[in-house]
Amino acid sequence: MTARSINAERLLGRLHALGQIGRDGDGRLVRLAGSDADKAGRDVVVAWIRAAGLDVAIDRIGNIFGIWRTADIADEAPVLLGSHIDTVINAGIYDGCYGVLSGLEVIETLKASGYAPARAIAVAAFTNEEGVRYAPDMMGSLVHVGGLPVEEALTTVGTDGTVLGIELERIGYAGAKKPGFLKPHAYIELHIEQGPVLEREGIPIGAVENLQGISWQRITVDGDANHAGTTPMSMRRDAGHAAARVITFLRDRAQASNAPTVATVGCMSFEPNAINVIPSRATFTVDLRDPDEGRLRAEEVALAAYLKDLAAAEEVTISVERLARFEPVTFDSSIVELVEEAARRRGLTSKRMTSGAGHDAQMIARIAPSAMIFVPSFGGISHNPREHTTDIDLVAGANILLDVVSHLAAQ
């Protein structure tokens, strides 16, 4: 049995304290990137990082790093831990925050135990992982690895008309460091599963070996507005009906497939949006995901072909805008094996898994060996105030992270 264990009371206390920051008048947790609530959360996390005796560094996109290095290892590439603290609207308290605060807890535990690392260890809180206010999601980590120019990211206009760079300046988190200044030796991210598999199977630890590819598109269908009562069905150019056919096509195709492909229409709006007017325009998003790049491309091709045929059949005009596209990621097998071994040593079962959600780890995997650890989510619920993981599972996951980091930082 491993001698070291994290301070459970400190970790759980911080999770709940951070979870109270950003509550609106209705008690909903909302910490969108660059907002006043985001600043309040960042301020608390930075205070905890400083109190732990770590160096704080903030880059131009607002990514926060807490770095533990000693004089004899100042130039070593660090083992990097982390996730994000921005939230969706009406969020739970664990998504992202658990990975950041567990990373900090691991470093504090190692420092207090007298552990002497062979390389630096750092914890990161990446900016705008959720992508609710500014697109794309996982922006901070994407900028960090050079996948998006920082100037382009800073000029991103949000859903509320604000500009990210201006908002970061306003809240005091437009740092001076050049994005990518810290190139990790390895990266590991601890996260709640956000799915039902671990809980359903009674397994406390997920060793995440790969992550689904993601394709986001915005589709606009243009037809003709007309009177809902006087226009015969055969004479309509109904943008709303065409949009509904796309939703049905996507669902039917995914359900008929033997592959793990998933398809979601998450946003939709009609114009003029009146009960007695045939929609002249429908705008909606399509989220396609699959862990295999070939299958994901095939779904994109199938959707494009269907839209072409639909436009002709419904006599509408259809345009498509690419919002985001990320290829599937295979994580580092040696780190995945370390997660499994750490679980065995602590008497816990583990399961190799695919992540269905996007995470900062998929970006950092472009520049360093990376992997993730999952712990169970109650009912598979996430992005929801009912998001829940038991204290026992939260502590167990943090202890697995502790063991993996102590191994990686000793190399």
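Modeller: Helices (H or I, at least four residues) and strands (E, at least two) are DSSP runs, numbered from the N terminus. On that basis, helix H8 spans residues 239-256 and gives the most to the lining of the second largest cavity, with four residues. The model is a predicted one, in which local features need pLDDT of at least 70 and side-chain atom pairs count only at pLDDT 80 or more, while totals for chains, interfaces and linings use all residues. Residues are numbered from 1 along each chain as its sequence is written, and side-chain values use heavy atoms, with hydrogens and water left out.

Biologist: Which residues line the second largest cavity, and how many of its lining residues are nonpolar, polar and charged?

Modeller: The lining consists of Phe249, Leu250, Arg253, Ala254, Thr261, Ala263, Leu288 and Glu299. Ala, Val, Leu, Ile, Met, Phe, Trp, Tyr, Cys and Pro count as nonpolar, Asp, Glu, Lys and Arg as charged, and the others, Gly among them, as polar. The classes here are therefore five nonpolar, one polar and two charged residues. For the largest cavity, the lining has five nonpolar, three polar and three charged residues.

Biologist: Asn128 is among the residues lining the largest cavity. Why is Asn128 called buried?

Modeller: Buried means under 20% relative accessible area, exposed over 50%, and partly exposed in between (1.4 Å probe, protein chains only). Asn128 has a relative accessible area of 1%, so this residue is buried. Asn128 lies in the loop between E4 and H4 and has a positive phi of about 55° although it is not a glycine. Pro136 is placed in that loop, between strand E4 (121-125) and helix H4 (139-144), and the peptide bond from Ala135 to Pro136 is cis, with omega near 5°.

Biologist: Is Gln194 buried or exposed, and how do you know?

Modeller: The relative accessibility of Gln194 is 18%, which is under the 20% limit, so Gln194 counts as buried. Its phi is near 65°, a positive value in a residue other than glycine.

Biologist: Why is Cys267 given its accessibility class?

Modeller: Cys267 has 48% relative accessibility, a value between 20% and 50%, and therefore counts as partly exposed. Cys97, at 3%, is under 20% and so is buried.

Biologist: How many disulfides does the structure hold?

Modeller: A disulfide is a pair of cysteine sulfur atoms within 2.5 Å. The structure holds zero disulfides, so no pair of cysteine sulfur atoms lies within 2.5 Å.

Biologist: What makes Ser370 a buried residue, and which residues does Ser370 touch?

Modeller: Ser370 has 2% relative accessibility, which is under 20%, so this residue counts as buried. Ser370 is placed in strand E14 (residues 370-375). Residues up to four places away in sequence aside, Ser370 is in contact (heavy atoms within 4.5 Å) with Tyr187, Phe331, Asp332, Ile335, Ala361, Ile364 and Ala365.

Definitions and conventions. 1 Å grid on protein atoms, 1.4 Å probe; cavity = no way out; pocket = protein on both sides within 12 Å on 5 of 7 lines; lining within 4 Å.
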